[in-house]
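Please open the model in your viewer and display both the backbone trace and the side chains.

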Amino acid sequence: MQKENCFYLGKIVRKYSFKGELLVKLDTDEPELFTEMESVFVERRKNLIPFFIEESSLHKSELLRVRFEDVNNEDEADALIGAHLYLPLEFLPKLTGNKFYYHEIIGYTAEDESFGKIGEITGVNDTTSQALFEIDRDGKQILIPMIDHFIKKVDREKKTILLEVPDGLIDLYI
């Protein structure tokens with residue numbers, strides 16, 4: 001399995017018991033969706049290795065307590081602390097309406113209600129306090145904040161996102 005075909009699920013943060021159980025900090029708002037997994041990919045030396053799960057449960061509501069097959073003691077568990085976990089993209093719950101995953105909208109066309117076609121969404125910058133659409137318009141990058149009331153419609157069939165941004169915002173970049 002290649003990393004580009006997966007999504008980041010979380011990170012193993014510490015041991016839970018001397019029997020090899022581990023605690024995982026999940027990167028999700030809905031950790032309960034991931035308590036019934038049969039397996040997960042663990043990143044080891046830049047490779048994704050499948051690990052099968054014997055049992056898992058939520059621990060203090062935001063951590064996932066996991067027991068992997070063939071991890072039976074503290075030393076084996078220690079070797080996994082800090083490792084990142086991944087799942088194939090098809091395991092992501094389907095979103096509808098104006099909700100979307102960042103990877104899903106790459107290549108979509110951004111349009112504004114009054115400006116018209118802005119350009120192609122080439123990425124999402126989520127390193128700032130406000131996530132930004134990165135839009136390519138004839139070689140120029142336009143950054144538009146990903147604010148819910150700016151997003152009017154996500155059309156998955158036409159691969160477009162209709163926005164309503166404040167007057168003059170797009171003109172700053174052109």
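Begin with lysine 159, which is found in the loop between β11 (151–155) and β12. Strands such as these are DSSP runs of E of at least two residues, and helices are runs of H or I of at least four; both are numbered from the N terminus. Lysine 159 has a positive phi of about 55 degrees, although it is not a glycine. Lysine 159 counts as partly exposed because its relative accessibility is 47%; the term buried means under 20% relative accessible area, exposed means over 50%, and partly exposed lies in between (1.4 Å probe, protein chains only).

The model is predicted: local features need pLDDT of at least 70, side-chain atom pairs count only at pLDDT 80 or more, and totals for chains, interfaces and linings use all residues. Residues are numbered from 1 along each chain as its sequence is written, and side-chain values use heavy atoms, with hydrogens and water left out.

Select aspartate 138 next, in the loop between β9 (132–137) and β10 (140–145). Its phi is near 50 degrees, a positive value in a residue other than glycine. With a relative accessibility of 75%, aspartate 138 counts as exposed.

**Strand β7 and its partners**

Now select strand β7, residues 109–112. Ala110 and Asp112 form its covered face, whereas Thr109 and Glu111 form the uncovered one. Which strand runs antiparallel to β7? It is strand β8 (residues 116–125), joined to β7 by four bridges; two strands pair if DSSP finds at least two bridges between them. Aspartate 112 stands opposite glycine 116 in β8, and three residues lie between the two strands of this hairpin.

Strand β7 also pairs with strand β12 (residues 160–163), in the parallel sense and over four bridges. To locate this pairing, select threonine 109 and its bridge partner in β12, threonine 160.

**The barrel**

Move to the six strands that close into a barrel, and follow them in the order β1-β2-β5-β4-β3-β6; their pairing is antiparallel. Neighbouring strands of this sheet are turned by 45 degrees against each other on average, direction ignored; the axes are lines fitted to C-alpha atoms, for helices over the stretch in contact, and angles run from 0 to 180 degrees between N-to-C directions.

Strand β1 (residues 6–15) meets strand β6 (residues 84–88) in an antiparallel pairing over five bridges. Lysine 11 stands opposite histidine 84 in β6.

**An aromatic pair**

A search of the whole structure finds four aromatic pairs. Display one of them, formed by tyrosine 8 and tyrosine 86: the arrangement is edge-to-face, with 5.8 Å centre to centre and 70 degrees between the planes. The pair links distant parts of the chain, since tyrosine 8 in strand β1 and tyrosine 86 in strand β6 are 78 residues apart. Rings of Phe, Tyr and Trp (its six-membered ring) pair if their centres lie within 6.5 Å; planes under 30 degrees apart count as stacked, over 60 as edge-to-face and the rest as tilted. Are the two tyrosines buried or partly exposed? Tyrosine 8 is partly exposed, at 30% relative accessibility, whereas tyrosine 86 is buried, at 8%.

**Glutamate 43**

Select glutamate 43 in strand β3. At 19% relative accessibility, glutamate 43 counts as buried. Its side chain makes a polar contact of 2.7 Å with the side chain of lysine 3. A polar contact is a pair of N or O atoms within 3.5 Å; within protein, one must be able to donate a hydrogen and the other to accept it, and residues adjacent in sequence count only if both atoms are side-chain atoms.

**The nonpolar cores**

Finally, select Leu9, Ile12, Val40, Val42, Phe68 and Leu80, which touch the most other members of the largest nonpolar core, a set of 22 residues. The elements giving two or more residues to this core are β1, β2, β3, β4 (47–59), β5 (63–68) and β6. A second, separate core of 21 residues includes Ile105, Ala110, Ile161 and Leu163. A nonpolar core is a set of buried Ala, Val, Leu, Ile, Met, Phe, Trp, Tyr and Cys residues joined through side-chain atoms within 4.5 Å.
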